[in-house]
Amino acid sequence: EAFGSASEPVIASCTGQQSSACAADDAAFIQRHARPELAPHLVQQKHEGRVGPPFAGHPDYIPVPHGGFHHKSCIIEVPSGTKRSPHPDMEDRHVLHFPNGTNMTLEPCKYETSGLAHLRQHAESLVQGASTDGMGLRSSDCVLSDGQVSSGPLAMYGSNLDSPMQSFTSEASVPGNPSTTLPSDTWLYWWIGAMPSNYEVVLQPVLAYHQAVGWEIGSWDCCPSGHQIKSAFTQNLETNEEITMSVTQTGSQSYKVSACTQFNQCSTLEATNGDDIVVPLVQFETYNVAVPSSCVGSSCTEVNCDYLPTSALVMNKLQVSPGTTWESPSSRCWSLSANCHWSIEQYTTGYTEPALWATPPPPPR
């Protein structure tokens, strides 16, 4: 069953601009691109009250960038170029505008999310300059449930912008694959993001790694009505391939999120929110790289460093308009430098094109 249990809803066909169901050809697109070994995708879930607490170890819960664990029915893969906007008449509903001209009304996700509150608290404490424990760690639990470990071993936050973000662009480079075969529940995410001051959403072009597919890029919209919306992935990326990432204002509180290869293969989406986007950040995020039994509260002491890339994590040409002041790199739960002896280089002060590099130690002889 590509979409999980038989009790979950099936996408219905539709015609016209005002339909609340997905168009038949868009449904076919999503079903063709569903990858049951990673994250089965549904695009509509009836709202019958939220179910919780979430069970992160359950196969129906998938780790997603900056969103903790989401139920698979609330992870929505859409065709590249899809636009999302709040419903004009119904509270806590959103409309997905597909490239073929049809629409779908998105009901609230009925499942609770694991981990998102911790990530928001971490982001808020960084922006507000809260004290650390000496390693850049903030008060958040690393083990979400059933031994599932969410960590942010490298992050760099910008100061709140004086006015709504106009653009945030960068250039990443595809790192080398990890030196070992990763477990199926291990994920690596390297991304830039943009948030409003209340941290209710984050718009992210993401470079992701999973053992089943290798490196891939996609654009993410977290988390309208509890959903994670992502554009169709661009896959089969090669080591050292250049990736352009951007979050660009297209209208009042509307932004286009884009991740493109050097061959102009792009994964894009557009999102409209009710709040101004004013917080830029850079994040390397991992799931199930730290050893769960070593994690107590906000710190993990044992890390599978061989699960990490074998070459540098690079984020070049970080350009934000209007300008921001980049804070010192920080970490959540464990640190690339302290735990795995990576070298962290922040090129922000005095540089016209700021950058953040993380380089692994030389392999043992």
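Glu171 and Lys317 are joined through their side chains by a salt bridge, with N and O 3.7 Å apart; the term means a side-chain nitrogen of Lys or Arg within 4 Å of a carboxyl oxygen of Asp or Glu. Because Glu171 sits in strand 9 (residues 167–173) and Lys317 in strand 20 (residues 313–321), the pair ties together parts that are 146 residues apart in sequence. Strands (E, at least two residues) and helices (H or I, at least four) are DSSP runs numbered from the N terminus. Glu171 is partly exposed at 27% relative accessibility, and Lys317 is partly exposed at 34%. Here buried means under 20% relative accessible area, exposed over 50%, and partly exposed in between, using a 1.4 Å probe and protein chains only.

The model is predicted: local features need pLDDT of at least 70, side-chain atom pairs count only at pLDDT 80 or more, and totals for chains, interfaces and linings use all residues. Residues are numbered from 1 along each chain as its sequence is written, and side-chain values use heavy atoms, leaving out hydrogens and water.

The structure holds 5 salt bridges. One of them pairs Glu77 with Lys230, whose closest N and O atoms are 4.0 Å apart. This pair links distant parts of the chain, 153 residues apart: Glu77 is in strand 3 (residues 75–78) and Lys230 in strand 13 (residues 228–231). Glu77 is buried, at 3% relative accessibility, and Lys230 is buried with a relative accessible area of 3%.

Another salt bridge brings together the side chains of Arg93 and Glu107, at 3.4 Å from N to O. Arg93 lies in the loop between strand 4 (82–86) and strand 5 (94–97), and Glu107 in the loop between strand 6 (103–106) and helix 2 (116–127), so parts 14 residues apart in sequence are tied together. Arg93 is partly exposed at 21% relative accessibility, whereas Glu107, at 16%, is buried.
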